[in-house]
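Morning, everyone. Structure on the screen, please.

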Amino acid sequence: METKQFDIIVIGAGMGGSAFTWALRDTDLSIAVLDRGGPLKQEAENWDPDEVIAKKRYEPEEKWFDGYGNAFTPRSYYNYGGSSKFFGGSAFRLRNQDFLSHMFQDRATVAWPFTYETLKPYYDVAEEAMHIHGFKGSDPTEPTRKSFPHTPLLHEPAIAWLAKQLEKQNLHPFPLPTAVHQGDGGHCQ
């Protein structure tokens with residue numbers, strides 16, 4: 001059996017592994033991506049929350065164990081794209097305070113070794129690649145940022161009605177930053 005040599009081997013074709021591989025696409029490096037899954041079959045059930053969430057159609061039938069030996073079923077998916085195939089498209093940036101130390105059950109968590117400002121240019125690149133739709137400044141908790149690569153998606157009629165009702169109560173609904181690629185004619189892909 002012939003052995004092939006690679007400069008980089010990426011384990012997992014989920015969002016992280018795929019993004020890492022995508023970032024290296026213009027290099028001369030030889031890259032192998034290993035994933036235990038395969039392509040996700042395109043079918044109507046991909047878009048059905050009852051099938052995906054309630055019936056767990058795409059989740060593996062396996063048990064993991066927590067630190068106390070209690071079995072649980074992880075929400076993991078073994079397919080190219082991993083869990084990102086089912087994340088719903090919401091793509092919020094972490095907030096400045098997410099990088100800080102916090103008190104939790106009388107103990108301090110460890111702060112990240114970098115700040116939001118360190119990641120900000122990488123968020124910009126990722127949002128462009130993921131076709132993020134949103135409106136800068138509509139979310140009052142949003143950290144500093146440049147404008148979104150794409151305008152917000154239009155609300156479905158029921159959501160548009162709900163947003164108007166909330167605005168009448170002096171509340172401030174805003175469009176979620178959403179990762180959706182729209183092809184010709186505005187159809188989502």
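How many cavities of 30 Å³ or more does the count come to? The answer is 1. This is a predicted model, with pLDDT of at least 70 needed for local features and 80 or more for side-chain atom pairs, while totals for chains, interfaces and linings use all residues. Numbering runs from 1 along each chain as its sequence is written, and side-chain values use heavy atoms, without hydrogens or water.

Terms next. On a 1 Å grid over the protein atoms alone, a cavity is a set of points where a 1.4 Å probe fits but cannot get out; a pocket is an open set with protein on both sides within 12 Å along at least five of seven lines; lining residues have an atom within 4 Å of a point. Points join across faces, edges and corners, and volume is the space filled by probe spheres set on them.

The largest cavity has a volume of about 90 Å³. Its lining has 15 residues, with Phe92, Asp139, Glu142, Phe148 and Pro177 nearest the centre. By class, that is 8 nonpolar, 1 polar and 6 charged. Nonpolar means Ala, Val, Leu, Ile, Met, Phe, Trp, Tyr, Cys and Pro; charged means Asp, Glu, Lys and Arg; the others, Gly among them, are polar.

Now the largest pocket: about 1900 Å³. It is lined by 48 residues, and Met15, Ser84, Lys85, Phe87 and Ala179 are closest to its centre. The lining divides into 28 nonpolar, 14 polar and 6 charged residues.

Last, Isoleucine 11. It is exposed, at 67% relative accessible area, where exposed means over 50% with a 1.4 Å probe, protein chains only.

Definitions and conventions
Buried means under 20% relative accessible area, exposed over 50%, partly exposed in between (1.4 Å probe, protein chains only).
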